[in-house]
Amino acid sequence: MTLYAALGAVEQGLVYGIMVIGVYLTFRILDFPDLTVDGSLPLGAAISAVAITGGINPYLSLVLAMGGGFCAGVATAVLNTKFKILHLLASILTMIALYSINIRIMGGPNIALLGTPTVFDAVSVLGVPPYLAGVVVFALFAILVAVIIIWFLSTELGQAILATGDNPQMITSLGVNTHTIIILGVGLSNALVALSGALVAQNQGAADVGMGIGTIIAGLASVIIGETVFGTASIARAFFAALLGSILYRLAIALALGVEFGHFSFNPSDLNLITALLVVSALIMPNIKKRLMQR
Amino acid sequence: MITLDHCHKYFHKGSVNEVYALNDICLQIREGDFITVIGSNGAGKSTLLNCIAGSFFPDSGTITINNHDVTKWPEYKRARFIARVFQDPLLGTCPSATIEQNLALAIKRGKRRGLGKGVKNSERDIFREKLGHLHLGLEERLLDRVGLLSGGQRQALTMLMATMIKPEVLLLDEHIAALDPKTANQILGLTSDIVGEQHLTTMMITHNMKHAIAFGNRLIMLHQGRIILDVDGTEKSKLTVDDLLQRFYTVQGEELSMDSMLLT
Ligand SMILES: Nc1ncnc2c1ncn2[C@@H]1O[C@H](COP(=O)(O)OP(=O)(O)O)[C@@H](O)[C@H]1O
Ligand SMILES: [Mg+2]
């Protein structure tokens, strides 16, 4: 792998790491498998792109994107809690609806951001070379998001969110409305996923309705890799593990795409297969480790 | 004071599995009452406590707590009046949270939760002091995850969490039934101490008639969703296990004879 490819992978790992933090929040903390993310990632990209081309400040466009993502998460959580639709199905419904909504927002299946201002302008002004701008901006955003989420989960409200995922009966008898907590948590998660999508769009200079396909699988793969490699001894550790897991995941993908066996090499379209194999191996690794230890 | 007025509860109403779990329950729980609740399996004891706590609503009838009509209040909203301990020690605590985090969740029962620190320094002193009364050494283990504790330790912690803020009523649903006999006795002793010290209004379901007689000032017996015995004061203190058994067999016998009448 070239240094350039490695840098690209780290960049991707950081920006999608914000999405992975959101996935960790629903999947692990709230115990709520949420497929909305496949729709809320392009939703964030679409809102940000439309806002920027409409002359809105790129940072403000991120806030709007997060607001959109939050609403998408709320829709899924309300379907689940108030209307008793299974979480997986509720999230698929929102995801499908978002496909149409995203096209409506963009006025077409995609929208280009050519020569428009982006959040990368500020670091370029500071003298950071262009090939590093992405890594620097994404690292700042990802670390900031991780720190804020870790702080939030240590507050009274955050502790109630953790307890809702852990023991809903107990936290209900302590006076917490678990429906409200789930709506808040899934909303927050999708706000982060939309933020991730908005940053990706600004980086690659376009928003596309198809860019969200496979988001949940990439998110889960990153979460599992992070947990397996870095552990989950504390909340802070678990979230940074998820972020680092995202970087490892993108590096592994870049590595796999670079290998050649004689005439055979992987195509980008083999990505889903590679990801599935990665998740499977990460899932069975603890078992294999245990068996080897017993010998 | 807590009042249940003509409460009825069906499960699976209208289907072949229909269960008439509560049949016209009228009950006044006076402040300071320590009521022990007995009855055979399926008599409706847990359903009665669940109805008071708001896990589900009665099909008809009203429930009032301190003059608030709470009949339609959801469980989380009634929590500011009610504390509960369940049979399963795993239900009362969060395993992945630490001891102090669990206690901090409990000290805010029924209050707003905002962006303040989840566990405050000022609270830690209270936690250590309260844990000290348990004599389990937990006051030295505030930062241990609760998942590491034994069932008995977790149930002791749950008792502490339930009574951290004084409830209008403490509901105990066979809360020692899942523990080994020695631990069960310790938790029972702890229950009696806490209830006595804080003069807590309490309902305790038990399947042990001796405990039902030895603890509390009042005893009720449920059978097929009805209260068939409600005694207090000196009348209760004179009760024996034989009295209770007799009472029990009388109602069962009545049913048997009714059944046989139907058959002939
Ligand atoms: N959530 C429920 N759904 C359906 N039936 C229930 C439910 N809870 C209790 N029942 C039924 O109601 C009756 C009373 O149950 P319960 O109150 O648990 O009895 P116990 O006195 O043993 O605690 C039983 O026949 C039980 O099967
Ligand atoms: Mg029961």
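Does B:Gln224 count as buried, partly exposed or exposed, and at what relative accessibility? At 44% relative accessibility, B:Gln224 counts as partly exposed, where buried means under 20% relative accessible area, exposed over 50% and partly exposed in between (1.4 Å probe, protein chains only).

The model is predicted: local features need pLDDT of at least 70, side-chain atom pairs count only at pLDDT 80 or more, and totals for chains, interfaces and linings use all residues. Residues are numbered from 1 along each chain as its sequence is written, chains are lettered from A and ligands numbered from 1 in the order in which they are written, and side-chain values use heavy atoms, with hydrogens and water left out.

B:Gln224 lies in the loop between strand E9 (218–223) and strand E10 (226–232) of chain B; helices (H or I, at least four residues) and strands (E, at least two) are DSSP runs, numbered from the N terminus. Although not a glycine, B:Gln224 has a positive phi of about 45°. Most residues other than glycine have a negative phi. A positive phi of about 45° is also found at B:Asn66, again not a glycine. B:Asn66 sits in the loop between E4 and E5 of chain B and is partly exposed, with a relative accessible area of 29%.

Strand E1 (residues 2–11) of chain B is mostly covered, with 7 of its 10 residues buried. E1(B) is joined to strand E2 (residues 19–29) by 7 bridges, and B:Phe11 stands opposite B:Val19 in E2(B). With strand E4 (residues 60–65), E1(B) pairs over 5 bridges in the antiparallel sense; here B:Leu4 has B:Ile63 as its bridge partner. E4(B) and E5(B) are joined by 2 bridges, and B:Ile65 stands opposite B:His68.

In chain A, helix H11 (residues 235–258) has 24 residues, which at 1.5 Å a residue should span 34 Å; the end C-alpha atoms are 35 Å apart, which agrees. The expected span is 1.5 Å times one less than the number of residues. Buried residues of H11(A) include A:Phe239, A:Leu243 and A:Ile253. The buried residues of H11(A) pack against helix H1 (3–29), helix H6 (130–153), helix H10 (215–230) and helix H12 (271–294) of chain A. A:Ile149 lies in helix H6 of chain A and is buried, with a relative accessible area of 5%. Leaving aside neighbours within four places in sequence, A:Ile149 is in contact (heavy atoms within 4.5 Å) with A:Ile21, A:Leu25, A:Leu188, A:Leu192 and A:Phe239.

Between the chains, 23 residues of chain A are in contact with 31 residues of chain B. The buried area, meaning the accessible area (1.4 Å probe) that two parts lose on being put together, summed over both, is about 2100 Å², of which carbon and sulfur atoms give 58%. The interface holds 1 salt bridge, defined as a side-chain nitrogen of Lys or Arg within 4 Å of a carboxyl oxygen of Asp or Glu. B:Lys120 forms a salt bridge with A:Glu156, with the closest N and O atoms 2.7 Å apart. On the side of chain A that touches chain B, H6, helix H7 (156–166) and helix H8 (168–173) each supply at least two residues, and H7(A) gives the largest share, 6 residues.

Conventions:
Pairing = 2+ DSSP bridges.
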